[in-house]
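Biologist: Before we begin, could you take me through this model term by term, and set each value beside the rule that gives it its name?

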Amino acid sequence: MRTTTDPLATVRNLGILAHVDAGKTTVTERILYATGTTHKRGEVHDGTTVTDFDPQERDRGITIFAAAVSCTWDGHRINLIDTPGHVDFADEVERSLRVLDGAVAVFDAVAGVEPQSESVWRQADRYGVPRIAFVNKLDRAGADLDTAVESIRRRLHPAPLVVQVPIGSEDGFTGVVDLVRMRALIWADGAVVAEEVPVPDGLLAEAVRRRRLLEVAVAERHPAALEEFCDRETLSAATLTAALRDLTHSGDGVVVLCGSAYRNRGIEPLLDAVVAYLPSPLDVPAVQGTHDGTPEERLADPAAPFAALAFKVTATATGRLTYLRVYSGTIEKGDAVWDAATGRTERVGRILRVRADRHAPLERAVAGDIVVVVGLKSARAGTTLCARDAPLVLEPPSVPEPVVSVAVEVQRSTETDRLTAALARLAEEDPSLAVRTDAETGQTLLSGMGELHLEVAVEKVRRDHGLDVNVGRPRVSYRETVSRGVSGLVFRHVKQDGGAGQFAHVVLDVEPSDEDFVFRSAVVGGRVPQEYVRAVEAGCRDALAEGPLGGHPVTGLRVTLTDGSTHVKDSSDTAFRTAGRLGLREALRACATVLLEPVAEVTVTVPEDAVGTVLGDLAARRGRVSGSVVRGGATVVTATVPLAELFGYATRLRRH
C-alpha cells in the first residue's frame, strides 16, 4: 500500500447531486468562488454561472448537461461534476456517477427529500458511491434541519450523522456550530470567510447534547470509536473525524452538514468535509474489467498499464471533446490509445483540464484524473480506452430506454441530409436519445426521456445547426407483456419451393417473468441440436419487437423450448430462427397480454385554496395521489400519473 504522501491521496473526484432547484449549481458556484477559481460569484437567476454555460441552461435557469470543473482547496485538487436535477436528464447523472469516487447530495431545508433526490440517491447506491449530505437554504422561511434530516432517514434509509447545528433560523441564520471541534463559525453579511468563535452560551447545552448523540451514533457503528468511547466516555476530535471518514467510505453512515449557499454560509466547512471524509482514488476499490471474458482489476497507479473510461462526448466549434476518467496508468499528448471493444487505435491530440466551457492544456494525465482529450474520432460514452499491450474492457454506464418520441422534419426537403447528420450527432453526444425512421409513415422519430429532454434536443438542432424544424405531438413508448401464458404451443415451419427446403419444428411454453426476457431449453435427447436452439432464441428475440395488441415491443416473459424435431436435409439455422419468430408470435396471440405505459411521480406545490382543483385535474389525468402534506403554508401533493397525460401539464397548472 502506498503512503499518504502519494499525490493521488490529495485528489477528490466528486459530483453534486440533488432534486431540481435544491441549489446544486449555486453550491458549485460558491465552491469555485471560495477556492479562488472564480473571482465573481455566478448566479443562476442572472445567467452568470460557470457550470450552466449552455444558452438553454441560462434561458431555463436549470442544469441540463453535466459540467466538470477543477479547483483546489487545502492542498487538494477537487474534480467536481455539477449534475442535472431534472428527471429527464437522469442519464447525465448516471454517466457521471459511473466515474466518480464520492458525491455531495444537496437537500432543500424546507422540502427535505424530493422525488429526484431519491432517484439520484438510488443511482449512487447502485455504483456504491460514498456521499455526504448538505442541507441547503436554511435561510428560507420554514427551513428546519431536523425535519430535513428525518426525511433523509425515513426515505433514503442511511444513518445520518449530523455534525453541525445551525445558529439562528430562517432569515436570522448566521452560522453553524461545528460539533466535531466544538466551535462556532459565524458569517457576517456579505462575508465569504467565517469568523471562528466559542459556542454561544445560549446554544452550548444543545451543542453538548447533540455532540453526545453524534458520539453514540458513531461508536455504535465503528469498533475503534467504540473502544475509545468505552474507555473515556467521549471521543476526541481526531477519533471522531477518522471514524466519520471510515463510515462514509463504507456507506454505514452519511455525514450531514448545513448552510445557505446563496448567502455564502457553510461552503468552507463543506469543502473541509469533502477533503476529510470523501475518498481519494487510492481509497476506492481497484476498477474491475474483463479481457477475453476473464475478470481483471487495475489499481489506481500511474505506473500501471493505461485504462480509462469515456463518459461524455461533445462536439464544439473547435473539435470533438471526449471526457475521460483515467483509472490507471499515464497518458501523454500524442499517445496512441486502443479501443478494446472495436479494436481501433486512436491518437490523442491534446489533453485539457476542464472548467466547464473553458479548458487549460496539460502535457499528461495520470490515474485518478478527470480530463478532456481532443482528437478521438470514434470513442463514445461508455468506451474503454487502454494500452494495446494490456487490453481491458470496463463496464459502461447503463443507458435507459427512451419513453417519449416526437416526429421531426425540416421545412425544406433539401435540408433532410443536414437534419439526419444533426440528429446523429445528438445521439452520439447523448446515448439516452434514439433516432429511427418509422417503417409505416417514413417519419423521422426522435426518442428521449421526457418532454423537456426532447424540447432541449430539438432546440439544440435549431440553434447549433440553423435548421427550421417542425415537431409533432409527443408520443409515449408503450410496452406489452404477458399476464397469462400458454403451454405446449406447437409450430412447424415447412417451406418447399424448389431446391433445398426449410423445416423446423418447435414446441414452446410462454409465461410471465420479472425480467425483460428469459429463454431456456428443456429439450432432451438432442432432438433439437444446440446450434438450432440458439437460432430459436434469436428468432424469439426478433418476435419481441412487435406485440399482438398494438405492435409495441414485448417485455416481461419467459420462453421455454420444450421439444422439437429436425429434418436431415431441410433443417438449418435460418429455418429454426424463422420458426422461433413465427412460433412466438402465434404463442403471444394465444396468451393473455396487457399494455404497459410509463408513469411519472409528480410533486405539486399548490396554495391551500387551489388543492381541490389540482386534485380533480390529477384524477382526470388518471393520476393516483400517494400523499399530501402541508408545508410552509402550501400543500404538497405527490401523485403517480401516466406520462402520456403530463404533456403540457406544467403550463396548464400555472393557469389554475
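Modeller: Let us start with a pocket: the second largest pocket has a volume of about 1,200 Å³. This is a predicted model, in which local features need pLDDT of at least 70 and side-chain atom pairs count only at pLDDT 80 or more, while totals for chains, interfaces and linings use all residues. Residues are numbered from 1 along each chain as its sequence is written, and side-chain values use heavy atoms, with hydrogens and water left out.

Biologist: What makes a space a pocket, and what makes it a cavity?

Modeller: Both are found on a 1 Å grid over the protein atoms alone: a cavity is a set of points where a 1.4 Å probe fits but cannot get out, whereas a pocket is an open set with protein on both sides within 12 Å along at least five of seven lines. Grid points are joined across faces, edges and corners, and the volume is the space filled by probe spheres set on the points.

Biologist: Which residues line the second largest pocket?

Modeller: Its lining, meaning residues with an atom within 4 Å of a point, holds 50 residues, of which Pro-279, Ser-280, Asp-283, Val-284 and Pro-285 lie nearest the centre. The elements that give two or more residues to this lining are α3 (90-99), α4 (115-127), α8 (237-250), α9, β12 (287-291) and β15 (319-328). Helices (H or I, at least four residues) and strands (E, at least two) are DSSP runs numbered from the N terminus.

Biologist: How many residues of that lining fall into each class?

Modeller: There are 24 nonpolar, 13 polar and 13 charged residues, where Ala, Val, Leu, Ile, Met, Phe, Trp, Tyr, Cys and Pro count as nonpolar, Asp, Glu, Lys and Arg as charged, and the others, Gly among them, as polar.

Biologist: Why is Asn-264 called buried?

Modeller: Buried means under 20% relative accessible area, exposed over 50%, and partly exposed in between (1.4 Å probe, protein chains only). Asn-264 has 6% relative accessibility, so the residue counts as buried. Asn-264 sits in the loop between β11 (254-258) and α9, and has a positive phi of about 65° although it is not a glycine.

Biologist: Why is Asp-21 called exposed?

Modeller: Asp-21 has a relative accessibility of 53%, and therefore counts as exposed. This residue lies in the loop between β1 (11-17) and α1, and its phi, near 75°, is a positive value in a residue other than glycine. Most residues other than glycine have a negative phi.

Biologist: Why can strand β2 be described as largely enclosed by the rest of the structure?

Modeller: Six of the seven residues of β2 (residues 67-73) are buried, so the strand is largely enclosed by the rest of the structure.

Biologist: How do you know which strand pairs with β2?

Modeller: Two strands pair if DSSP finds at least two bridges between them, and seven bridges join β2 to strand β3 (residues 76-82), the two running antiparallel. Trp-73 stands opposite His-76 in β3. The two strands form a hairpin with two residues between them, and Asp-74 in the turn has a positive phi of about 55°.

Biologist: What is the order of the four strands that form an open sheet with mixed pairing?

Modeller: The order is β31-β32-β34-β33, and β31 (486-495) and β33 (517-521) are called edge strands because each pairs on one side only. β33 and strand β34 (residues 557-565) pair in the parallel sense over five bridges, with Phe-519 opposite Val-559 in β34.

Biologist: How many disulfides does a search of the whole structure find?

Modeller: The search finds zero, a disulfide being a pair of cysteine sulfur atoms within 2.5 Å. The sulfur of Cys-591 is 12 Å from the closest cysteine sulfur, in Cys-540, and that is too far for a bond. Cys-591 counts as buried because its relative accessibility is 9%, and Cys-386 counts as buried at 1%.
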